[in-house]
Amino acid sequence: MSHEATLDQAELALNNGDFASAERELNKAWPDMSRAPGEAQHLMAMVRMAQGRTAEAEQLMRGALSAEPASLRHHIALGHILTAMRNDAGAIEAYNNAARINANWPGLLVVLSQAYYRNKQFDEAEQAARSAVATPNVAGWNALSNAQRAQGKMQDALISAEEALKLDPQDPNAQHAKAAALMGLGRPQEALAIFDDLLRRGIDLPVLHMNRAAALEVLGR
C-alpha cells in the first residue's frame, strides 16, 4: 500500500472513531513515528487527542511542524491541542504563527481572540476579534463583545452582541453576551428576561446560572 493510501485509510478510521485501526495503519507504515512525514505525525497526534493523551499529541504535532514548518494546518492543530491542555500562551503563539501564513482561514482569528481572552489579554482579544469581523460572523462578534465587556466597555459590548444577533437571532452565546452587557449597563431586568429565556430553551451552563443569580440579587429577589 502506498503512503498516500495508508494516510487515507488511517484518516477514514479516525473519522469513524476506530482509533486503534488508525494507529495500527500508521505504525505499520512508519514504525518510528518521529521519522514519519508531517501529515502522518499530524494524524497520529489526532489519534492521541482522541485517546486523551494530549502530551503525546503535542509532541507529535510539533514533530509535524518540524517536518513541515509552513503548514497552516499543523499550526492551527497545535493551537487546538494547547487549548485543550489549557496552555493559552502556547495556543496564542501557535495561532499567531498560523495567522502569519493565512489570517483569513475561517475561524482562526476567533480562536486567537478567545485564547487571548482566556489569558486575560483583553486588549489583544479585542484587536483579534475586530479583525475577525471584517467579514461579519456570529462567533467573531461574540468574541468582540466578550473582550469589550472584560475591559468595561459595556455599551460597545452591547452593540457587538446585537450585531451577532442580527446574523443569528437565536444564537445562545450572542443572547448571553447581550444580557451580560445589559447587566454591566445597570439594566438587570432586561438581562434577567434573556437569562430566563435561555433556561427555558434548555441552555444549562454554570455561567448562565451565576449571571442569572447576579441579576436576581440586584433586583432584590
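Here are legends for a few close-up views of the pockets in this predicted model.

**View 1. The largest pocket and its middle.** Start with the largest pocket, which holds about 560 Å³ of space. Its lining is made up of 23 residues. If you want to find your way to the centre, look for N146, R149, N173, H176 and V207, the lining residues that lie nearest to it.

**View 2. The helices around the largest pocket.** At least two lining residues come from each of α7 (108–118), α9 (138–150), α11 (172–184) and α13 (206–218). The top contributor is α11, which gives six residues to the lining of the largest pocket.

**View 3. What kinds of residue line the largest pocket.** Sort this lining by class and you get 14 nonpolar residues, seven polar ones and two charged ones.

**View 4. The second largest pocket.** Now for the second largest pocket, with about 190 Å³ of space. It has 14 lining residues, and those closest to its centre are N104, G107, A132, T135 and N137. Two helices, α7 and α8 (122–132), are the elements that each provide two or more residues of this lining. Of these, α7 has the largest share, with three residues.

**View 5. What kinds of residue line the second largest pocket.** Here the lining splits into nine nonpolar and five polar residues, with no charged ones.

Terms used:
Residues are numbered from 1 along each chain as its sequence is written. This is a predicted model: local features need pLDDT of at least 70, side-chain atom pairs count only at pLDDT 80 or more; totals for chains, interfaces and linings use all residues. Side-chain values use heavy atoms; hydrogens and water are left out. On a 1 Å grid over the protein atoms alone, a cavity is a set of points where a 1.4 Å probe fits but cannot get out, and a pocket is an open set with protein on both sides within 12 Å along at least five of seven lines; lining residues have an atom within 4 Å of a point. Grid points are joined across faces, edges and corners, and a volume is the space filled by probe spheres set on the points. Helices (H or I, at least four residues) and strands (E, at least two) are DSSP runs, numbered from the N terminus. Ala, Val, Leu, Ile, Met, Phe, Trp, Tyr, Cys and Pro count as nonpolar, Asp, Glu, Lys and Arg as charged, and the others, Gly among them, as polar.
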